[in-house]
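Hi,

Here is the structure I promised to pass on.

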Amino acid sequence: MKKKLVLLMTCVLLGSGAFAAPSGKDIAEANKYYEKGIKNWVQGNYLASVNAFEKSIKNNPDNNNAYVSLGNAKVGLRDFNGAVESFSDAIAVCPEDYRPYVSRGFIYYYELKEPCKAFDDFERAIKLDQHALSLIRDHLEVYNAFILDRELNAQADAEILSSTK
């Protein structure tokens with residue numbers, strides 16, 4: 001009985017197209033939505049961008065670029081947990097691409113305050129592509145300079161306020 005049930009479920013899944021590769025029409029539709037998502041993202045319309053990337057992924061779930069772009073759009077909406085999920089999906093589709101590791105690492109570092117996870121992702125990205133090292137280093141230098149500048153400005157403001165009392 002159990003073998004018949006397994007065989008029946010396998011036939012249903014195969015017959016439903018659950019394991020089928022996207023057709024040419026699906027890929028064309030996915031590309032159309034992907035381009036629409038990019039256009040919306042560039043214009044700062046992140047919600048429309050998310051919707052377009054999700055439709056692109058529905059038509060072609062093997063396109064890791066759509067997952068990376070979806071993650072970037074979610075960052076624009078400040079949905080950091082959703083962005084981490086999208087970057088993780090991109091990694092699942094194409095673990096050889098260093099970009100989702102870098103992007104997810106920045107979210108862990110800056111927004112979720114999980115530096116150990118960030119450095120794990122940065123390390124993996126660098127192992128995949130040495131160019132990731134300069135990207136990560138440059139980004140962290142800019143961030144640290146921004147934080148230092150903000151702290152110096154806060155100190156100067158505090159000194160001004162204390163001298164006016």
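Below is what turned up when I went through the aromatic rings.

One thing to keep in mind: this is a predicted model.

Start with Tyr34 and Phe53. Their ring centres are 5.6 Å apart and the planes sit at 55°, so this pair is tilted. An angle over 60 degrees would have made the pair edge-to-face, and one under 30 degrees would have made it stacked. The pair also ties together distant parts of the chain: Tyr34 belongs to helix 2 (residues 24-42) and Phe53 to helix 3 (residues 46-59), with the two 19 residues apart. Are these two buried or exposed? Tyr34 has a relative accessible area of 17%, so it is buried. Phe53 comes out at 0%, so it counts as buried too.

Now go along to Tyr109 and Tyr110. Here the centres are 5.3 Å apart and the planes make an angle of 80°, so the pair is edge-to-face. Tyr110 is buried, with a relative accessible area of 10%, whereas Tyr109 has 21% and is therefore partly exposed.

Last, a charge and a ring: Lys32 lies over the face of Tyr33, 5.1 Å from the ring centre.

How values were computed: Residues are numbered from 1 along each chain as its sequence is written. This is a predicted model: local features need pLDDT of at least 70, side-chain atom pairs count only at pLDDT 80 or more; totals for chains, interfaces and linings use all residues. Side-chain values use heavy atoms; hydrogens and water are left out. Rings of Phe, Tyr and Trp (its six-membered ring) pair if their centres lie within 6.5 Å; planes under 30 degrees apart count as stacked, over 60 as edge-to-face and the rest as tilted. Helices (H or I, at least four residues) and strands (E, at least two) are DSSP runs, numbered from the N terminus. Buried means under 20% relative accessible area, exposed over 50%, partly exposed in between (1.4 Å probe, protein chains only). A charge sits over a ring if NZ of Lys or CZ of Arg is within 6 Å of the ring centre and within 35 degrees of the ring normal.
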